[in-house]
Structure formats: structure tokens, C-alpha cells
Amino acid sequence: MAILAPASVSKDPLPSSSSALTPLRSSTQIFGPKFKFRQIGQTQLSLSTSFKKSSGFKLKGWRHSEGITQEFQVDKLETAAEVENECDFFDKMKHRFLSFKKQKFMENLEHYQNLADGQAPKFMVIACADSRVCPSNILGFQPGEAFIVRNVANMVPPCESGPSETNAALEFAVNSVKVENILVIGHSRCGGIHALMSMQDEEDPSFIRSWVLVGKNARLNTKAASSSLSFDHQCSHCEKESVNCSLLNLLTYPWIEEKVRAGALSLHGGYYNFVDCTFEKWTLDYDGSNLKESKEVAFRNRSFWS
């Protein structure tokens, strides 16, 4: 190919004929764009032909879309079923409430009107949050008879542990409502006690660990007294030992200890075994206990209901 010399600037007028421009057009300038255009056209034609021939491609895409649609429809059906189940459950709750209103509230209207003006229960009950352990259902407490607080493993933290919903309820029940009895109820197969007995030495930042550590003395006492027993039997032992430790912790609150010493407040322990439906009950003997020197606790009025 000949190399063109740089064009010199000329004062001659530009040619008027378009043919005069022909020498300035190289073959590259002419065929390059055309070739590229032809390549693009062939590529589009090739893809179009391959799409037509490859019906599997379209089928696959269609099936994939159909699968998404089916999944969406299944999700809609599951969501609808969940909503329906939830509605069914609330319908049952509605019927239970209306039954309560008709058979109890309306038939004892004067009693419930008195409760609307204030409460004066004789008992405070501290029970586990376990759904199988409902004090009102098990012991037959009626509205107005018991001030009830429930937490994991029915524990009472000592006064020095600081504020919690449990000691806030204690303060209100003892100082404002002026209950005469506090009953702490443990129960069989308690998940909180199982967690307490299963704890390892390494740190665990969970809320459950932080809470059940309230019962660490019950765990230590259980390990010392029943180390030869199986783990399940140790848990059963700790379920009752934890109740006794909670009774001791109640006495760390000055306003509780003062009322117990004066005989104005009694502390009781209870244990509900929902496997064979039995109940044990005992009462702390404040005068018979040696709390200052050895922290030995005495109990009285033990009974077993079966």
C-alpha cells in the first residue's frame, strides 16, 4: 500500500465535484463499517435461528417461570393456611372469653364489681413461666385470690442483685397489697433448672444463663448432696433445692424479713410433679432456723397431696 504524503494547504478552491473526494477514501474506511454491520447482522440472525431451533431454551425458561409461579402459589396457600389457623385459635379464645363472661362474670357480678374497685389477695405466688404449670389451674386460685408473678424456673434473686420484675412485684405485693403468704412453686422437668445444671465453666452471654445463675447455690448444694445420682435425678433434686434457696433469698429483703419475724408474713415452698400429678407443700420455720450463723433453714407443716 502506498503511503500518502501529508496534504499541503492550498489556496485553490475546493473542487465542486464529489468525484474529487474519491481519492481520499481508503478501502478500510469503506469496508470497515460495512463489515462490522454485516457481522452484527449475522450474529443477530445466528442467535435468532438458534432460539428457533433450540426449543429447549424457551421451554427451560418457561418451566423456570412456571416453577416460580408454583412456589409463589404454594407460599400463598401456606400463608392463607397460617392465617386461617390463627383465626381458628382466636375464635376459640373468643368463645372461651364469652363463656367466662356468661358463666362466671355475669353470675358473680357483685364480686367482680368489688374487684374493679381494688384487690386484697392473701397470697403471692411465684411460679415458673412453663406453659404446663398454671397456678390458677392447678391450685384453683380465683380472680382476686392470688397475686401471681411467673419467670423462668420460678426464681427469686437476692436483694443485692438489683432491680428485676420479680422483686418489683414482691415490693408491690408485700408493701402495697399486703399479702400474708408468699408461695414459691417449683415443678418437674423444669427447663430452667436443666439449663442451670448443664452450665459449663466457659462464659455464655445468653439471657438464660444470666438469669438461672440466680440459682447457683441450689446447683452447688445439689452437686454436693447428689453427685452419685444420674443427671435427671440431680435435676429433680435441684428443682426442690432451688425453691428453698428462693425462700432464703426472700429473707434478704429487709421489709420481707421484718414481716416474717413479726409473724405478719409466711413463706411457703411447693413442688408440682406434672408427670404423676402430685403436689408437695412446706412452710419455712423462721424461729427454728439458724439464719445468722450457719444459714440452716428449718421447715414445718410438710404435706403431700396425691
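A search of the whole structure finds one cavity of 30 Å³ or more. A cavity here is a set of points, on a 1 Å grid over the protein atoms alone, where a 1.4 Å probe fits but cannot get out. Grid points are joined across faces, edges and corners, and a volume is the space filled by probe spheres set on the points. The model is predicted: local features need pLDDT of at least 70, side-chain atom pairs count only at pLDDT 80 or more, and totals for chains, interfaces and linings use all residues. Residues are numbered from 1 along each chain as its sequence is written, and side-chain values use heavy atoms, with hydrogens and water left out.

## Cavity and pocket

Rolling a probe the size of a water molecule over the atoms shows where empty space is left. The largest cavity has a volume of about 30 Å³. Its lining consists of Met-155, Val-156, Val-214, Gly-215, Ser-242, Cys-245, Ser-246 and Asn-249. Lining residues have an atom within 4 Å of a point. By class, four are nonpolar, four are polar and none is charged. Ala, Val, Leu, Ile, Met, Phe, Trp, Tyr, Cys and Pro count as nonpolar, Asp, Glu, Lys and Arg as charged, and the others, Gly among them, as polar.

A pocket, by contrast, is an open set of points with protein on both sides within 12 Å along at least five of seven lines. The largest pocket holds about 490 Å³ of space. Its lining has 19 residues, and the closest to the centre are Asn-217, Leu-248, Asn-249, Thr-252 and Lys-295. Two or more lining residues come from each of α8 (216-226) and α9 (231-250). α9 gives the most, with five residues. The pocket lining divides into eight nonpolar, six polar and five charged residues.

Asn-249 sits in helix α9. At a relative accessible area of 13%, Asn-249 is buried. Buried means under 20% relative accessible area, exposed over 50%, and partly exposed in between (1.4 Å probe, protein chains only). Leaving aside residues up to four places away in sequence, Asn-249 touches Val-156, Pro-157, Pro-158 and Val-214. A contact means heavy atoms within 4.5 Å.

## Overall make-up

The protein has ten helices and six strands. Helices (H or I, at least four residues) and strands (E, at least two) are DSSP runs, numbered from the N terminus. Of the 306 residues, 29% are buried. Among contacts between residues at least 6 apart in sequence, 62% join residues at least 24 apart. The accessible surface comes to about 21300 Å², with 56% belonging to carbon and sulfur atoms. Accessible areas come from the Shrake-Rupley method with a 1.4 Å probe; for residues, only the protein chains shown count as cover.

## Strand pairing

Two strands pair if DSSP finds at least two bridges between them. The pairings below give bridge counts and directions.

| Pair | Bridges | Direction |
|---|---|---|
| β1 and β2 | six bridges | parallel |
| β1 and β3 | four bridges | parallel |
| β3 and β4 | seven bridges | parallel |
| β4 and β5 | six bridges | antiparallel |

Strand β1 (residues 123-128) has five of its six residues buried, so β1 is largely enclosed by the rest of the structure. Met-124 has Phe-147 of β2 as its bridge partner. Phe-123 is bridged to Asn-181 in β3.

Strand β4 (residues 266-273) has seven of its eight residues buried, so β4 is also largely enclosed by the rest of the structure. Tyr-272 of β4 is the bridge partner of His-187. On the β5 side, Asn-273 is bridged to Thr-278. β4 and β5 form a hairpin with four residues between the strands, and there Cys-277 takes a positive phi near 55 degrees.

## Positive phi in two loops

Ala-153 is not a glycine, yet its phi is positive, near 70 degrees. Ala-153 lies in the loop between β2 (146-151) and α5 (165-177). Its relative accessibility is 0%, so Ala-153 counts as buried.

Lys-178 also has a positive phi without being a glycine, at about 65 degrees. Lys-178 is found in the loop between α5 and β3 (181-187). Its relative accessibility is 52%, so Lys-178 counts as exposed.
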